[in-house]
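Here's a quick briefing to read alongside the model.

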Amino acid sequence: MKISLTVIVIFFSIASSQPKRIVGADSIANEVKKEFLHSWNAYKQYAWGADGVRPLSKKPYTWYDESLLMTPIDAFDTMILMGLTKEADEANLLLLSSLSFDKHLSVKNFEITIRILGGLLSAYQMTNEKKFLSMAEDLGNRLLPVFESKTGLPHVNVNLKTGVVEGDTTNPAETGTLLIEFGTLSKLTGKPIYYEKAKRALVETYKRRSAIGLVGQSIDVNTGKWTATNSHLGGLIDSYYEYLFKCWKLFGDEECKKMWDEGITAINNYLADTVRGELWYGRVDMNTGTKTIRAWGGLESFFPGLLAYSGDIERAKRLQLSSYAMWNKHGIEPESYDYVDQKVRRNGYPLRPEIIESAYYLYVLTGDTTYQQMGVTFFNSLKQYCRTDAGYAELKNVITKEKEDMMESFFFAETLKYLYLLFAPPSTLDLNSVVFNTEAHPIRKTW
Ligand code: DMJ
């Protein structure tokens with residue numbers, strides 16, 4: 001099926017006011033598009049049909065025994081946003097002809113939901129191709145068994161063919177980052193079950209918050225007891241907070257708003273940390289609020305964007321400056337950074353988008369070109385340290401800049417999408433018309 005330009009045009013509404021843009025913004029947007037093509041062409045040449053391409057060895061990789069087309073599905077809506085019609089047609093054809101979930105694979109519910117279910121739903125909304133919705137529904141049904149635990153908290157893995165579940169130890173990010181996708185599936189199919197199951201998982205997580213309103217980083221789905229009580233904004237917790245706010249935005253679910261309001265109050269009371277006058281958010285024990293580790297990192301860097309989106313522009317601006325200082329320490333951000341000693345704790349950079357995502361939200365919501373300037377720095381670092389002949393490579397070490405032979409699909413879904421949107425003409429996408437899932441798949445409230 002050819003993707004009709006009319007559908008694409010309908011999707012984007014013109015932004016109401018014209019924000020300031022840095023000189024040359026259009027040509028930077030074009031350059032980002034060129035880099036997207038450079039990476040997509042590597043996938044096409046070396047890994048067509050696989051989950052992704054390895055950017056050093058130029059070999060394909062798959063997550064499981066069979067491919068689930070991670071890169072094409074994650075990249076598809078970015079292509080449409082970038083106006084890459086030929087590439088979108090190729091990906092569209094591949095997805096419609098080859099993507100199937102009738103496979104004997106035990107997959108990770110969280111990753112498959114945010115990348116594939118989210119990708120299919122935005123593909124459906126962008127193209128009006130009904131098969132994308134029926135594929136999403138088929139996938140949603142195959143994932144549903146994860147919720148069959150004593151608490152309603154989802155198991156970690158599910159076999160797509162048999163429905164057999166595995167993994168009893170999970171975390172708030174995995175239990176609480178499902179409602180945008182499952183909820184949208186309910187709204188688009190008219191079947192409430194998906195919303196109900198994912199909402200329950202979110203509420204069951206929230207219900208187990210401590211007396212001071214914080215969640216831990218590891219929980220048992222059968223007992224509902226915390227198995228690790230450290231609380232923070234990094235991996236294992238991060239997008240739980242993101243979905244509390246965004247599910248209110250997308251579905252108008254007041255209970256989500258209430259949970260967000262309580263969550264953000266606790267975060268600001270106990271995690272916020274001021275060092276050298278800079279705002280950071282550290283790690284604490286969820287029960288006592290006692291600081292355990294004073295660290296920030298690549299994953300945490302989504303939080304300025306969420307603060308800005310939820311209306312706290314002042315904290316958002318200060319925190320983005322802290323993330324930016326962390327990035328500039330070695331010219332690219334580490335996975336974890338001790339913000340007191342200003343030393344790297346974990347030294348990889350897996351092409352993460354979060355700091356760019358925050359720059360995008362801050363730019364759109366404040367109109368301040370400072371955030372486009374930051375974007376120039378991020379883009380230059382990516383080109384300087386990560387670019388290879390076959391796309392972009394993660395870094396093993398941000399200090400030595402040694403590369404790793406891996407390019408995750410979120411580089412296409414998120415990193416390059418947010419970078420492009422940061423510089424593209426405002427008419428490309430009106431942030432008021434969509435809510436991005438945590439993998440940057442834009443969902444439009446059509447209900
Ligand atoms: C993505 O898969 C999602 O943004 C997720 O919420 C966190 N990690 C990666 C990107 O860093």
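Setting aside neighbours within four places in sequence, Leu 56 touches Thr 388, Ala 393, Lys 403, Glu 404 and Asp 405, where contact means heavy atoms within 4.5 Å. This is a predicted model, so local features need pLDDT of at least 70 and side-chain atom pairs count only at pLDDT 80 or more, while totals for chains, interfaces and linings use all residues. Residues are numbered from 1 along each chain as its sequence is written, and side-chain values use heavy atoms, with hydrogens and water left out.

**Loop residues**

- Leu 56 sits in the loop between strand E1 (52-53) and strand E2 (60-61); helices (H or I, at least four residues) and strands (E, at least two) are DSSP runs, numbered from the N terminus.
- With a relative accessible area of 41%, Leu 56 is partly exposed, the class between buried (under 20% relative accessible area) and exposed (over 50%), using a 1.4 Å probe and protein chains only.
- Leu 56 and Met 406 are 350 residues apart along the chain, and their C-alpha atoms are separated by 7.7 Å.
- Asn 222 belongs to the loop between strand E7 (218-220) and strand E8 (226-228), and it counts as partly exposed at 25% relative accessibility.
- Beyond its neighbours within four places in sequence, Asn 222 is in contact with Ser 149, Lys 150, Thr 151, His 155 and Asp 168.
- For Asn 222 and Glu 87, 135 residues apart along the chain, the C-alpha separation is 45 Å.

**Positive phi**

- Most residues other than glycine have a negative phi.
- Arg 276 isn't a glycine, yet it has a positive phi of about 55°.
- You'll find Arg 276 in the loop between strand E10 (272-275) and E11, partly exposed with a relative accessible area of 43%.
- Lys 401, also not a glycine, has a positive phi of about 70°, and it lies in the loop between strand E18 (391-392) and helix H16 (410-423).

**Helix packing**

- The axes of H3 and helix H5 (residues 109-127) come within 9 Å and cross at roughly 40°; axes are lines fitted to C-alpha atoms, for helices over the stretch in contact, and angles run from 0 to 180 degrees between N-to-C directions.
- That makes H3 oblique to H5, oblique being what is left once angles under 35 degrees (roughly parallel), over 145 (roughly antiparallel) and 65 to 115 (roughly perpendicular) are taken out.
- H3 and H5 cross in a left-handed way, that is, the near helix is turned anticlockwise from the far one by less than a right angle.
- Residues making the H3 and H5 contact include Ile 73, Phe 76 and Ile 80 of H3 and Ile 116, Gly 119 and Ala 123 of H5.
- H3 also packs with helix H4 (residues 85-98), at an angle of about 145° and with the axes 9 Å apart; this crossing is left-handed too.
- On the H3 side of that packing are Pro 72, Ile 73, Phe 76, Met 79 and Ile 80, which meet Glu 87, Ala 88, Ala 91, Asn 92, Leu 94 and Leu 95 in H4.
- H4 and H6 pack at about 45°, with their axes 11 Å apart, which makes H4 oblique to H6.
- The H4 and H6 crossing is left-handed, and the contact is made by Asn 92, Leu 95 and Leu 96 of H4 and Lys 131, Phe 132 and Met 135 of H6.

**Aromatic rings and charges**

- Rings of Phe, Tyr and Trp (its six-membered ring) pair if their centres lie within 6.5 Å; planes under 30 degrees apart count as stacked, over 60 as edge-to-face and the rest as tilted.
- That rule gives 28 aromatic pairs.
- One is Phe 76 with Phe 132: the ring centres are 5.7 Å apart and the planes at 45°, so the pair is tilted.
- Phe 76 lies in helix H3 (residues 70-82) and Phe 132 in helix H6 (residues 130-143), so this pair ties together parts 56 residues apart in sequence.
- Phe 76 is buried at a relative accessible area of 0%, and Phe 132 is buried, also at 0%.
- Trp 280 and Tyr 337 are a tilted pair because their ring centres are 6.2 Å apart with planes at 40°.
- Trp 280 is in strand E11 (residues 278-281) and Tyr 337 in strand E15 (residues 336-338), so they link parts 57 residues apart in sequence; both residues are buried.
- Ring pairs also join Phe 245, Trp 248, Trp 260, Tyr 309, Tyr 360, Tyr 361, Tyr 418 and Phe 436 into a cluster.
- The charged end of Lys 249 sits over the Tyr 309 ring, 5.3 Å from its centre; to count, NZ of Lys or CZ of Arg must be within 6 Å of the ring centre and within 35 degrees of the ring normal.
- Arg 209 lies over the face of Tyr 206, at 4.0 Å from the ring centre.
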